[in-house]
Amino acid sequence: MSRKILYHLLLLLLSTMAVAQNPELVIPISHSGSIMKIEFSPDNKFYASCGFEGTMKLWSVENQKLIKTLEFESGINDLEFSKKNSLIYACTAQGELIQWNYLNDSVIIEKLDSTINKFSLSNTEDSIILINLYKGGYLYSLSSKKVLSRLNPEYSIANFSSDGKYIFA
């Protein structure tokens, strides 16, 4: 290889590295226990974090400032932003399903029958799969507040297909 070709390859490599984006690592440090999940809002203006110590926190992406903290008696295991409105869904170790409207600061808490370790929200947001790692899970209607069906106890994870027609476990 000639020096000219090597020079051009080196120049190409350096220019590619110069334009590559380096994502900034931001760590929410105000949790006093393990952080269980961090999730971004659909518009990327906010992110939320939840902790094993029982807090759920809302942050500004622009300046990484803490906006609001909610405290609960039990650890928050999972959370997810609604893709339709200003709700954050979360679940606790004491079997509570939380719906927090972070714009008007209203909170709805539903007490369910057992610990919820993970959940998956349907694309239509009318139902949710709630998972207990030891007892399995169930499909729950958010509108009627009823269990629609139970999943086999050996399933410790489940999710909706992108079109919402199927549940994979």
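**Ground rules.** I am working with a predicted model, so I kept in mind that local features need pLDDT of at least 70, that side-chain atom pairs count only at pLDDT 80 or more, and that totals for chains, interfaces and linings use all residues. Residues are numbered from 1 along each chain as its sequence is written, and side-chain values use heavy atoms, with hydrogens and water left out.

**Entry 1: the open sheet.** I began with an open sheet of four strands, ordered β1-β2-β3-β4 with antiparallel pairing. Strands here are DSSP runs of E with at least two residues, numbered from the N terminus, and two strands pair if DSSP finds at least two bridges between them. I looked up the edges next: β1 (35–40) and β4 (66–71) each have a single partner strand, so one side of each has no neighbour in the sheet. On average, neighbouring strands are turned by 15° against each other, direction ignored; the axes are lines fitted to C-alpha atoms, and angles run from 0 to 180 degrees between N-to-C directions. Five bridges join β3 and β4, and M56 stands opposite L70 in β4.

**Entry 2: the cores.** I met M56 again in the largest nonpolar core, which has 15 residues; M56, L79, I88 and W100 are among those with the most contacts inside it. Such a core is a set of buried Ala, Val, Leu, Ile, Met, Phe, Trp, Tyr and Cys residues joined through side-chain atoms within 4.5 Å. Buried means under 20% relative accessible area, with a 1.4 Å probe and protein chains only. Elements giving two or more residues to this core include β3 (55–60) and β6 (87–92). I then followed I88: leaving aside its neighbours within four places in sequence, its contacts include M56, L79 and W100, where contact means heavy atoms within 4.5 Å. Another core lies apart, with 13 residues, including Y89 and I128.

**Entry 3: S127.** Is S127 buried or exposed? I found it buried, at 9% relative accessibility. S127 belongs to strand β10 (residues 127–132). Its side chain makes a polar contact of 3.5 Å with that of D126; the term covers N or O atoms within 3.5 Å, one able to donate a hydrogen and the other to accept it, and residues adjacent in sequence count only if both atoms are side-chain atoms. Beyond four places in sequence, S127 touches Y140 and F160, among others.

**Entry 4: a hairpin.** I ended with Y140, which stands opposite V147 in β12. Three bridges join the antiparallel strands β11 (residues 136–141) and β12 (residues 147–150). Five residues lie between these strands, and K145 takes a positive phi near 60° in this hairpin.

How values were computed: Buried means under 20% relative accessible area, exposed over 50%, partly exposed in between (1.4 Å probe, protein chains only).
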